Amino acid sequence: MLGLVSCLELVAIFVALEIMSIALYGLAGMQRARLESQESALKYFVTGAFSSAFFLYGVALVYGVTGSTSLGRIARSLAALSPDSATLAVLGTGLLVVGFGFKVASVPFHMWAPDVYEGAPTTVTALMSAGVKAAAFGALLRVFGQGLPSLAAHWKPLLAVLAIVSMIVGNLGALAQGNIKRMLAWSSVAHAGYLLTALVAAPGAATEAVLFYLVAYAAVNLGGFGAFAALARDGHEPLSLSDMAGLADRRPALAAALTVFLISLTGVPISAGFVGKFYLFKAAVSAGSVGVALAVVGGIMSAVSAYYYLRVVVAMYMREPLSEDNWGRVAPPSALALAFSVAVVLALGVYPGPVLELARRAARSLLL
């Protein structure tokens with residue numbers, strides 16, 4: 001993951017992407033006794049290999065036009081590109097968008113996410129939802145911001161369309177889910193759409209907003225999935241609304257932590273999610289009428305998401321438990337990690353300044 005966001009050359013980015021992906025295929029199928037875990041690993045492998053082919057073919061086309069795989073040289077070559085060669089470069093850029101689209105789980109390249117999130121061990125799902133998305137978006141920002149800025153007139157409209165359909169399909173898909181891990185998988189599709197909205201803006205503003213949101217999103221997802229993993233006992237986890245019923249009476253601290261994570265995903269004020277979405281939509285609005293339309297769709301879809309996030313909160317606080325509390329005891333290290341995640345989510349919602357400054361510095365270095 002660190003290599004993926006650090007590389008300045010397309011072949012190196014591809015190698016880092018594959019090393020990361022191969023490790024994740026194994027992690028997804030780590031619970032070999034569970035059929036669901038094996039299924040998730042196989043589906044992730046098949047779709048991952050499919051996306052790698054698109055990405056590599058896009059690299060080949062860009063290399064064919066520019067004669068280089070270095071992002072700096074690609075940018076200089078494309079800036080002086082003749083109209084006759086533009087079509088091939090645009091096609092290569094489109095294939096790179098497809099490759100990254102699979103990795104960040106944007107529509108229509110999202111089909112693997114619900115099954116893989118559900119079948120993989122919950123701790124691995126947490127890593128995929130936070131780390132993989134952050135690494136993939138970091139690489140996307142570097143490739144399109146440093147290597148392909150002269151083709152922005154072609155790839156920005158494409159990313160805008162992907163953002164809109166991802167926000168709509170992701171949120172509507174989450175509404176129909178009874179399994180919480182599948183709900184969060186569809187939610188991750190929607191959040192990929194939120195992140196893509198900022199990319200229609202100027203490179204500096206877009207990068208700053210995306211990097212801040214990735215920090216907030218990682219803290220929320222690691223905490224949310226970590227809470228479910230902490231309650232696991234004998235291979236069983238509380239992953240349905242009926243499992244969540246009455247949790248506030250039995251585990252008040254854990255229910256409070258989950259509530260913080262869920263309201264942050266919704267985008268309620270004083271949470272990291274609210275500040276993150278504010279900066280994403282602010283960056284989008286600065287891009288003009290297209291950005292305004294993206295921000296409006298994002299705001300409407302955020303309101304829709306409140307239904308499926310808050311119904312988990314309702315189950316925890318307003319429903320009677322259907323059975324005895326058979327979930328595992330939260331170990332002290334897990335409790336400490338959850339408390340830290342809660343603190344980060346609330347701190348970013350109340351005082352985001354330091355992390356925003358770090359995001360600005362990172363954005364400047366990313367675009368050099």
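Reader: How many residues apart are Tyr 213 and Tyr 217 in helix α10?

Author: Helices are DSSP runs (H or I, at least four residues) numbered from the N terminus. Tyr 213 and Tyr 217 both lie in helix α10, four residues apart, about one turn of the helix. The model is predicted, with local features needing pLDDT of at least 70, side-chain atom pairs counting only at pLDDT 80 or more, and totals for chains, interfaces and linings using all residues. Residues are numbered from 1 along each chain as its sequence is written, and side-chain values use heavy atoms, leaving out hydrogens and water.

Reader: Why is the pair of Tyr 213 and Tyr 217 called stacked?

Author: Rings of Phe, Tyr and Trp (its six-membered ring) pair if their centres lie within 6.5 Å; planes under 30 degrees apart count as stacked, over 60 as edge-to-face and the rest as tilted. The ring centres of Tyr 213 and Tyr 217 are 6.3 Å apart and their planes are at 15°, so this pair is stacked.

Reader: Is Tyr 213 buried or exposed?

Author: Buried means under 20% relative accessible area, exposed over 50%, and partly exposed in between (1.4 Å probe, protein chains only). Tyr 213 has 3% relative accessibility and counts as buried; Tyr 217, at 3%, also counts as buried.

Reader: How many aromatic pairs are there by this rule?

Author: The count comes to 17 aromatic pairs. In one of them, Tyr 44 and Trp 112, the ring centres are 4.9 Å apart with planes at 15°, so the pair is stacked. This pair links distant parts of the chain, 68 residues apart: Tyr 44 is in helix α3 (residues 35-66), and Trp 112 is in the loop between α5 (83-104) and α6 (113-119). Both Tyr 44 and Trp 112 are buried.

Definitions and conventions
Helices (H or I, at least four residues) and strands (E, at least two) are DSSP runs, numbered from the N terminus.
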